[in-house]
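I opened the model to look up ring contacts, strand pairing and the core. My entries follow the order in which I checked them.

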Amino acid sequence: VISTMTAFAQTEPAIELQAEVDGNTRTLTIGLGVKGTVQIDWGNGEKVTSEVIPAYDGWNQVNVFGTVSGDGKVKIYGDNIVYFDCSSRVDGAQVLSLDVTKATALKDLTANTNKLTAIDLTKNTELEKLTIDKNQLTSIDISKSTQLTTLVINNNLLTAIDITKNQALQKLTISATKFAGELDLSTNPALKYV
């Protein structure tokens with residue numbers, strides 16, 4: 001039964017992203033809930049298996065390197081991805097879209113310095129930390145991410161954000177946005193840093 005479940009889980013990517021293709025090596029940083037491997041299709045249709053990734057303890061995420069090619073559609077196959085970082089360099093190719101809806105175990109997501117205009121986090125109910133600086137987001141729905149304790153979302157095009165459902169939120173960093181009104185903090189009793 002376990003082998004069937006693993007084979008089934010590998011047929012669909014847990015995370016997909018569209019990245020600009022520039023021929024340079026790109027780094028994705030991954031942490032798994034239990035020791036294992038992931039497979040990555042860097043855009044050419046071939047799955048490359050990562051080194052063994054230990055169970056994530058908050059510090060031991062692993063960098064996986066590859067070169068985005070073909071259509072730029074990168075697919076990450078793996079079970080129980082709890083940490084994912086697809087940040088880009090300011091002077092390099094950037095991520096244009098990111099789909100984490102099938103990575104439902106995700107607890108920590110970082111996607112800095114990209115060209116994201118939208119992201120669907122409605123399936124990421126386990127998300128505890130979200131860092132998504134320097135993108136082009138005009139809105140974001142984090143209402144289903146009720147475990148969120150840290151939100152860092154600077155340098156975007158947000159005019160408002162609703163954090164009323166994020167009662168576990170302890171750290172909130174929002175700057176260099178297009179905010180036009182007030183931010184309601186009345187339902188965030190755990191908030192320690194704004």
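I took rings of Phe, Tyr and Trp (its six-membered ring) as a pair if their centres lie within 6.5 Å; planes under 30 degrees apart count as stacked, over 60 as edge-to-face and the rest as tilted. This is a predicted model, so local features need pLDDT of at least 70 and side-chain atom pairs count only at pLDDT 80 or more, while totals for chains, interfaces and linings use all residues. Residues are numbered from 1 along each chain as its sequence is written, and side-chain values use heavy atoms, with hydrogens and water left out.

Entry 1, rings. I searched the whole structure and found one aromatic pair. The ring centres of Tyr56 and Tyr83 are 5.3 Å apart and the planes are at 40°, so I logged the pair as tilted. Tyr56 is in the loop between β4 (47–49) and β5, and Tyr83 is in strand β7, so the pair ties together parts 27 residues apart in sequence. I number strands (E, at least two residues) and helices (H or I, at least four) from the N terminus as DSSP runs.

Buried means under 20% relative accessible area, exposed over 50%, and partly exposed in between (1.4 Å probe, protein chains only). Tyr83 has 8% relative accessibility and counts as buried; Tyr56 has 22% and counts as partly exposed.

I required NZ of Lys or CZ of Arg within 6 Å of the ring centre and within 35 degrees of the ring normal. The charged end of Lys47 sits over the ring of Tyr77, 4.0 Å from its centre. Lys171 has its charged end over the ring of Tyr193, 5.5 Å from the centre.

Entry 4, strand pairing. I count two strands as paired if DSSP finds at least two bridges between them. β1 and β6 run antiparallel and are joined by four bridges, with Glu16 opposite Lys75 in β6. β3 (residues 39–41) also pairs with β6 in the antiparallel sense, over three bridges. There Gln39 stands opposite Tyr77.

A nonpolar core is a set of buried Ala, Val, Leu, Ile, Met, Phe, Trp, Tyr and Cys residues joined through side-chain atoms within 4.5 Å. The largest one has 44 residues, of which Ile76, Phe84 and Leu98 touch the most other members. Among the strands that each supply at least two residues of this core are β1 (15–19), β6 (73–77) and β8 (95–99). Leaving aside neighbours within four places in sequence, I found Leu98 in contact (heavy atoms within 4.5 Å) with residues including Ile15, Phe84 and Ile119.
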